[in-house]
Amino acid sequence: MTDKIEREFLGFGLGLRTKHFEYILQHQPDIDWFEILSENYMVAGGKPRYYLQAISEQYPLVMHGVSLSIGSADPLDMDYLRALKTLANDVEPKWISDHICWTGIHGINSHDLLPLPYTMETVRHVAERISRVQDFLGRQILMENVSSYLSYQDSEMDEWTFVSEVAKASDSLILLDINNVYVSARNHGFEPMDYLNRIDPARVQQFHLAGHSDYGDYVIDTHDHDVPDSVWDLYRQALVRFGAVSTMIERDANIPEFPVLEAELGIARDIATQVLSPNQLSIADLARNRGVKSCLA
Ligand SMILES: [Fe+2]
């Protein structure tokens, strides 16, 4: 049986990064939730799991993976899925996510999130595999749109149609990466609002925000810069379309001290406060969320 995700607004979160473990425990910053990279915690015991346990007693967590390779023609990696399920049993995340992509074939891992051809055959292939993953985990999952730098001649539909069809066919939810929409829009020459306007708000459970490297003719999704104005502008429009959606900033390289990221997350809060009504933001719910988690600890 696959449990549906409760459509809860977690507020504003950050990616949990090793260099910030100590700071978080000492200062208990006012962050609503953290997203962990699942693969970093799959070995039981050790320092990462010690910190994860301590932080999970104070903050809601979500799990984000990069190894599902949901679009590959290789069989699903059941060892990986068992490790993912074990970690989920320990962490009790609000939800689990991965990417609509493939990362390798014939057992070779490219360590890249590679785009798929947007065809109905691929929709069926990906949706069937997501359904099997959801059945195995016993819960609905979120799948994220990736940034891309190439397209396939075989594609029959736009990326937004493909993402929507996969979500519908597998009854999964969408982690909408606003930066990835912007990066792909620049690289492929489409309007980012054409993308957002065709995604069903009922399917969008989480937003990612991030920085990128802009080379003029093309943009690379590097996650090593502050969130630029162009992505903040698109985030503002995404809030208008989708309402209150749990939002987090991804920073994977050139990681600054925690207060710098906390301040950047403050910009997301400010924009959301300008765009959304207090009711939509339901600040009281956020406080309750943190409180419940503390009581359980
Ligand atoms: Fe992302």
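**Strand pairing and helix packing in the predicted model**

Strands S5 and S6 form a hairpin with 2 residues between them, and histidine 106 in the turn has a positive phi of about 55°. The two strands, S5 covering residues 102-105 and S6 covering residues 108-114, pair in the antiparallel sense over 3 bridges, and isoleucine 105 stands opposite isoleucine 108 in S6. Pairing is assigned here where DSSP finds at least two bridges between two strands, while the helices (H or I, at least four residues) and strands (E, at least two) are themselves DSSP runs, numbered from the N terminus.

The model is predicted, with local features requiring pLDDT of at least 70 and side-chain atom pairs counting only at pLDDT 80 or more, whereas totals for chains, interfaces and linings use all residues. Residues are numbered from 1 along each chain as its sequence is written.

The secondary structure of the chain comes to 11 helices and 12 strands. Along its principal axes, the C-alpha trace spans about 50 × 40 × 35 Å.

A barrel is closed by 8 strands, in the order S1-S2-S3-S4-S7-S8-S9-S12, with parallel pairing. Neighbouring strands of this sheet are turned by 30° against each other on average, direction ignored.

Helix packing was examined through axes, which are lines fitted to C-alpha atoms, for helices over the stretch in contact, with angles running from 0 to 180 degrees between N-to-C directions. The axes of helix H3 (residues 78-91) and helix H4 (residues 120-137) come within 10 Å and cross at roughly 45°, and the two helices are therefore oblique to each other, given that angles under 35 degrees count as roughly parallel, over 145 as roughly antiparallel, 65 to 115 as roughly perpendicular and the rest as oblique. The crossing of H3 and H4 is right-handed, a term that applies if the near helix is turned clockwise from the far one by less than a right angle, anticlockwise being left-handed. Leu81, Lys85 and Ala88 in H3 meet Val133, Phe136 and Leu137 in H4, contact being scored if the C-beta atoms of two residues, placed from the backbone, lie within 7 Å. The residues of this contact divide into 5 nonpolar, no polar and 1 charged, where Ala, Val, Leu, Ile, Met, Phe, Trp, Tyr, Cys and Pro count as nonpolar, Asp, Glu, Lys and Arg as charged, and the others, Gly among them, as polar.

Helix H4 also packs against helix H5 (residues 159-170), their axes coming within 8 Å and crossing at roughly 40°; H4 and H5 are therefore oblique to each other, and their crossing is right-handed. Val123, Val126, Ala127, Ile130 and Ser131 of H4 make this contact with Phe162, Glu165, Val166, Ala169 and Ser170 of H5, and the residues involved divide into 7 nonpolar, 2 polar and 1 charged.

For helix H6 (residues 178-188) and helix H8 (residues 229-242), the axes come within 9 Å and cross at roughly 115°, in a right-handed crossing. The contact involves Ile178, Asn179, Val181 and Tyr182 of H6 together with Ser230, Val231, Leu234, Tyr235 and Ala238 of H8, and its residues divide into 7 nonpolar, 2 polar and no charged.
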